[in-house]
Amino acid sequence: MRYAPPLRSLLILGALALAAPARAEVFFVEPQRGQPDGDGSAARPWRTLEEVIAAGLIETQAFATQPYAPGAARVTVNEGAPIGPGDTIHLGPGQHGEINLSGALNEAEIIVRADPEARVTGLTLAGAARWRFEGLTVRPAALEPGPQPALVRLLSHQWHGPSEEISLVGCDVRTVEDAAAWSAQDWDRLARDGIFSSAAFTTIEGCRLSQLNFAAQLLGRGAVVRHNIIEGFAGDALRGLGDDGLYEGNFISGCVDVNENHDDGFQSWSIGVDGVVGAGVVRGITLRGNFIINLDDPDAPLRCKLQGIGCFDGFFEGWRVENNVIITNHYHGITLTGARDSVIVNNTVLGLSEMISWIGVMPHKDGRPSERVVVRNNLASDFSVEGDGVEFDHNQRLDAPVDHFIDVFGLDLHLRSDAPSLDVGAQALAPLVDAEGHPRPQGLGIDLGAYERVVAVTDAAIDMFVPFIDASTGDEGLSPIDAAANPAPDAAPDAPRPLLDQAVVDDARPSMDTMGAWRDARQAVADSAAAWSDTAPAARASTGSAATGCHAYVSVSASPSAAGPRPLAGLLVLSFLGLLLALRGSDKEE
């Protein structure tokens, strides 16, 4: 007897198929062997992306009225062109020119996927929607002194209209390949801004931003900026001014002091309706699991005094700042002046200079107090916290950092086995996973700071709690995935760990498959944990010690096979479909 999928599952899969774009063709653009009169096939590619755009070979849409008016209708541009929504443009090695896409609104995403040796001199989108650029290398055509536009500009434009849903994934944006020989004057005159986006729902993921002035500035709402490497910048690494942004898992280092700018790893400020700085509100920002360091090379001749997370012109409402590791030489490790209804939890802030780095919650610059802010489970060299209804508890000041961390001067801030910060945190509002994705708690209680000391680990593994409901009792709990296949070894020794995976440091742009699988698995852990936190707080509060046997290990190999690791998100989807199968048990035979 052959198994017959239940009707409900077939309907779901059919709906997913109908939701996919009707067209999904791949076109090829190769400067070295392409030709303007090609047909975009692998055998007869076009020559450059700049020429493809100029020739009108992409069907898209634009707003009908210019300058843009809210509610404007859309009109088709280049109707009948070979490339359209849902298609992929593959860029071969070579120079593809200066890319400008104005009035380029897609109903489904167009993917521009670049060979590692493909180059563009700049990228500008205005009045554009649903574009995804993968693996793109951006370098200016020439070094020109003085103010210059950002190398990548994603613009909501007064003439062309708003932009949204533009993604940069695995891209490499730099002024020059290497600025080691630059003087302070060279940096000040020549360094370009990296990415400037006023588009809504911009994604910057797995990119490398180096040798820049301001690396990335996000003004639109709903930005997602995660798992990027930002090394070598003269201004700020990240600026986030739009509401509801997520800044997660970014590695930030290498600030240089070349002018009067006070440099920040992350900076935000509000703007009022009249354009006055500090007269508005920035809402719903999440800063999670970022590593901001400014002491990796204390002998660097241009090393700046870097403010870690500096937000000075609030108000900042509904923010969550968690699991960040900040090592710097400035007072402002994490500072919010004018915060409301926000949480600063499980961060590690270490100052290794005469300027003792703090976690600070302070009044708005106009004197209004911060309100209803929770500061909990943090480790910091100092604290400066005041306001109305502010909760300050379960934090420790790092008077003797060597008592807490495995290797302070090697910058390994994982906790020692005898650290006084072990198991003494509060569970309320603590993130379910630490900065590396390990579940909390691992021992008898929550550890302070960004890292939970791992009681049991596997090589290159990500730990995960999975929510379940017992079919026989209806009880909620935490269930392991493949725990039998991944037995827990002995506790991890107090051995120093690398600051950052050397494979990531050495490779300016890790392979899309390897990094993509790692990011997907890690994000699935965070998403599952967040969902569990929202739906079953009581069950969560009653579980989590090492003795419960609720640890699970989802192996993600650092050197995956050709097939690659199984995406964890896919496993969760299959589990959901399995539940549907169980609910339709009567449909199992033909």
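This note goes through the fold, the cores, the cysteines and the backbone geometry of the structure above.

1. Basis of the note. The model is predicted, so that local features need pLDDT of at least 70 and side-chain atom pairs count only at pLDDT 80 or more, while totals for chains, interfaces and linings use all residues. Residues are numbered from 1 along each chain as its sequence is written, and side-chain values use heavy atoms, with hydrogens and water left out.

2. Overall make-up. The protein chain holds seven helices and 44 strands, where helices (H or I, at least four residues) and strands (E, at least two) are DSSP runs numbered from the N terminus. Of its 590 residues, 53% are buried; buried means under 20% relative accessible area, exposed over 50%, and partly exposed in between, with a 1.4 Å probe and protein chains only. The accessible surface of the chain comes to about 25100 Å², and 54% of that belongs to carbon and sulfur atoms (Shrake-Rupley method with a 1.4 Å probe; for residues, only the protein chains shown count as cover). Among contacts between residues at least 6 apart in sequence, 61% join residues at least 24 apart, a contact being heavy atoms within 4.5 Å.

3. Strand β15 and its partners. Strand β15 (residues 208–212) is largely enclosed by the rest of the structure, because five of its five residues are buried. Strand β12 (residues 172–174) runs parallel to β15 and is joined to it by three bridges, with Asp172 opposite Arg208. β15 also pairs with β18 in the parallel sense, over four bridges, and here Leu209 stands opposite Ile230. Two strands count as paired if DSSP finds at least two bridges between them.

4. Nonpolar cores. A nonpolar core is a set of buried Ala, Val, Leu, Ile, Met, Phe, Trp, Tyr and Cys residues joined through side-chain atoms within 4.5 Å. The largest one has 74 residues, and Trp131, Phe133, Leu168 and Trp319 have the most contacts inside it. Strand β6 (residues 98–114) gives the largest share of this core, six residues. A second, separate core of 20 residues includes Ile327, Phe405, Leu413 and Leu415. Leaving aside neighbours within four places in sequence, Leu168 is in contact with several residues, among them Leu123, Phe133, Val152, Ile195 and Cys207.

5. Cysteines. A search of the whole structure finds zero disulfides, a disulfide being a pair of cysteine sulfur atoms within 2.5 Å. For Cys171, the closest cysteine sulfur is that of Cys207, at 4.5 Å, which is too far for a bond. Cys171 is buried, with a relative accessible area of 3%, and Cys311 is buried too, at 0%.

6. Cis peptide bonds. Gly314 and Phe315 are joined by a cis peptide bond with omega about 20°, and Phe315 lies in the loop between β26 (307–313) and β27 (316–317). Another cis peptide bond joins Arg440 and Pro441, with omega about -10°; Pro441 is in the loop between β40 (412–415) and β41 (461–463).

7. Positive phi values. Phe201, a residue other than glycine, has a positive phi near 60°; Phe201 is in the loop between β13 (195–197) and β14 (203–205) and counts as partly exposed at 31% relative accessibility. His227 is not a glycine either, yet has a positive phi of about 60°.
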